[in-house]
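The sequence and structure come first.

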Amino acid sequence: MAQRARKAKPKARKPARKARHKAGRKTPRLLGLVWVTAGALTVAVLSLAAVLLFGPAARDDPPPQIATAPLPAMTRPPEPALRPPPATPPARPEVAAVPPPAVAPMLAWLRNAVPVSVAPGQPMIAVVIDDMGLDRVRSERVAALPPPLTLAYLTYARNLNDQTSAARATGHELLVHIPMEPGSDLDPGPNALLTDLSGDELRRRIDWSLSQFTKFIGVNNHMGSKATSSRPAMAAVMTELRDRGLLFLDSRTSGATVAQSEAKKQGIPALSRDVFLDHDPSPIAVRAALDQVEEIARRRGHAIAIGHPKDATIEALAEWLPDVQARGFALVPVSAVALRLAAGIERAKN
Ligand SMILES: [Zn+2]
């Protein structure tokens, strides 16, 4: 009897141990399922927010690489304007250095953005130097300035791949500086966007312009008083930029520009130059222009300056850049301003 009882006991306990074992494994599985579901929901919400904000993924985007900015996008949206911030709260710091992982092709301007970290509320200054690439000596001096600057290379400069990859490696952000029709007799350069071109020729020239180098976040206009005042020309530009996931910086060579309103129609980030640093290329005038940039940034939260590869500009920047952070400003690439505006974080209008 005693032997039978001892034999029976293990038989009875065996199913109980199995049941406990099974129950023990169910909990982590359930947790895993919850995490996966929560993760998928988060990704879906972020992706939807990015789609609503910025438009479709770049047409020719390669698969996503290391994420450099926070907002992925997956599909072509119903052409929204740049909208108020998504329901999700802004990250801390507000321009995140380490964004969430990309799960779909990321917009080209986000993928090519130079990541920076900015404290909430810190006034931001973006310094753009355009007309880059023709004057090799001065362009190299500009590219040797402390980053991050945003450097806009002319489409018809030579050795653009070498020049732009060196600038990118130094920590600068890149724009394509596309020649556009001026309001005067000045020659804007080869393959300029002219208002009397057919839609097909405009698209061909835009396509050519965007094929001269890589890793840029968008476009700003070289000259272009007439072209940026033309709705058909700007609509053609902004449609191409939307399809490629790029942004537009209006150099504002004309008060009658419609570039920003056409960009917003296409749902792409549109920015605008606040101050030209070197209309008067004397050291005193450039220094005064930099003071004006600081004043705008302090008052509004951000300022975008545009200068050129001129001696006075390079020398003034070489003095001004090293302690701009110490004066409380964040020196940022243009993409950081676009991100802050997209998130709707701004102190006041203009
Ligand atoms: Zn220019």
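## A loop residue and its contacts

In this predicted model, Ser-229 is in contact with Ser-254, Ala-256, Thr-257 and Val-258, once its neighbours within four places in sequence are left aside. Ser-229 belongs to the loop between strand 4 and helix 6. Its C-alpha lies 8.5 Å from that of Gly-255, although the two residues are 26 apart in sequence.

Strand 5 (residues 247-250) is covered on both faces. Leu-247 and Leu-249 are buried on one side, and Phe-248 and Asp-250 are buried on the other.

Strand 5 pairs with strand 4 (residues 218-223) in the parallel sense, over three bridges. Within this pairing, Asn-220 has Leu-249 as its bridge partner in strand 5. The chain passes from strand 4 to strand 5 through helix 6, a β-α-β crossover that is right-handed.

Strand 6 (residues 270-272) is also parallel to strand 5, joined to it by three bridges. Here Leu-249 stands opposite Leu-271.

## Helix 5

Which residues of helix 5 (residues 199-209) are buried? They are Leu-202, Arg-205, Ile-206 and Ser-209. These residues lie on the same side of helix 5, because they cover an arc of only 100° around the axis.

The buried residues of helix 5 pack against strand 3 (173-180) and helix 6 (231-244). On the face turned away from that buried side, Asp-200 and Asp-207 are exposed.

## The largest nonpolar core

In soluble globular proteins, nonpolar side chains tend to be buried together. The largest nonpolar core in this model has 81 residues, and the members that touch the most others are Val-128, Leu-151 and Phe-248. Strand 1 (residues 124-132) supplies the largest share of this core, with seven residues. Phe-248 is also one of the buried residues of strand 5.

Beyond its neighbours within four places in sequence, Val-128 is in contact with Thr-150, Ala-152, Leu-175, Asn-220, Leu-249, Ile-304, Ala-305, Ile-306 and Val-334. Two of these contacts, Asn-220 and Leu-249, are bridge partners.

Methods:
Residues are numbered from 1 along each chain as its sequence is written. This is a predicted model: local features need pLDDT of at least 70, side-chain atom pairs count only at pLDDT 80 or more; totals for chains, interfaces and linings use all residues. A nonpolar core is a set of buried Ala, Val, Leu, Ile, Met, Phe, Trp, Tyr and Cys residues joined through C-beta atoms within 7 Å. A residue is buried if 20 or more other C-beta atoms lie within 10 Å of its own, exposed if 12 or fewer, and partly exposed in between; C-beta atoms are placed from the backbone. Helices (H or I, at least four residues) and strands (E, at least two) are DSSP runs, numbered from the N terminus. Two residues are in contact if their C-beta atoms, placed from the backbone, lie within 7 Å. The arc is that of the directions from the helix axis to the C-beta atoms. Two strands pair if DSSP finds at least two bridges between them. A crossover is right-handed if, with the strands pointing away from the viewer, the path from the first strand over the helix to the second runs clockwise.
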